[in-house]
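Hello,

Here is the structure I promised to pass on. Please have a look at it first, and then read my notes below.

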Amino acid sequence: MPKIAVHLHIYYGNQTDDLLRRLQNLSEYPYDLFVTIVEDNPDIKQEILSYKPDAQIWQIPNLGYDIGPFIDFLHHIDLDAYDYIVKIHTKRTVADTYCIFNKHRFNMATWREMLLDAVISKPAATNNPKLLEANEKIGMLGNSYLLTDEKGTYRNLGGDIAAKMTEIGLTMPQDIHFVAGTMFWVRAKLLKPFLFYHLADFKPSDKNIHDKTLAHLVERMFSLAVTAQGYRIKGVRYKSFTAMFWLAAIKRFLYQHKITHNNKQIIKICKIPVYYRKAKSV
């Protein structure tokens, strides 16, 4: 029976109950639960301990989004004592905020569902350990919809990422795919290079900053470290989200409302601009 450690980072406390419910799918395999929280909330602590009395919970400053807390977790365990690490976290679910990966358009709530489906749904909890046990060269599992290479990112940040890879003793691989959203199963030993970092290395989390911080670089590096060490990333999916992709595309065709980086507001109906406001002069 493989030894599994689950790291759960809680920022949005109201998602705790949902994530604990989903974690019940892992009951077939014994696992240790480690939880980081950014606020000292006795109710959340009690909820976690009622679910799993031996869970380890600690409060940390809000640094590095979900990445800084994961690095802190790595320093709290003995990576040699585990076969696999499962990384999950709460995630913002703004229904009218959209993103695009691998030519699929979907909202933030769907993104969260895709991540969790591949990691702690009932089929994932049953099949993922078997996949890793059956093929020793698979180093990481994540949702195949979200396994992306982000060519634009690597054109702009490739040098920074390569420098950071060198910093932790790894060479930038040719395969530059990563799991967008950073929920995955991974072989514990492959995370040892990241012990180079500590929580204090990360800046305070800011939802208005979407890229270029150390956390955003390390987010990509988790997957890059897998391939750099001679393993491969396997995309898995246990639920189809095709209907959600089509719904998002239809909604975008019917109505678009966006504010550009230079503070111009645009509204389109059936792709026809019907409202445009220039930025206010300062």
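Let me start with helix α1, residues 16-23, which is mostly covered, with 6 of its 8 residues buried. Buried here means under 20% relative accessible area with a 1.4 Å probe and protein chains only, while exposed is over 50% and partly exposed lies in between. Helices (H or I, at least four residues) and strands (E, at least two) are DSSP runs, numbered from the N terminus.

A word on the source: this is a predicted model, where local features need pLDDT of at least 70 and side-chain atom pairs count only at pLDDT 80 or more, whereas totals for chains, interfaces and linings use all residues. Residues are numbered from 1 along each chain as its sequence is written, and side-chain values use heavy atoms, with hydrogens and water left out.

Back to α1: its buried residues are T16, D18, L19, L20, R22 and L23. They pack against β1 (4-10), β2 (31-37), α2 (42-51), β4 (84-89) and α4 (108-120), a contact being heavy atoms within 4.5 Å.

Helix α3 (residues 67-74) is largely enclosed by the rest of the structure, because 8 of its 8 residues are buried. These are I67, G68, P69, F70, I71, D72, F73 and L74. The partners of these α3 residues are β1, β2, β3 (56-59), β4, β10 (184-187) and α7 (214-228).

As for the whole protein, there are 8 helices and 14 strands, and 50% of the 282 residues count as buried. Among contacts between residues at least 6 apart in sequence, 74% join residues at least 24 apart.

Best wishes
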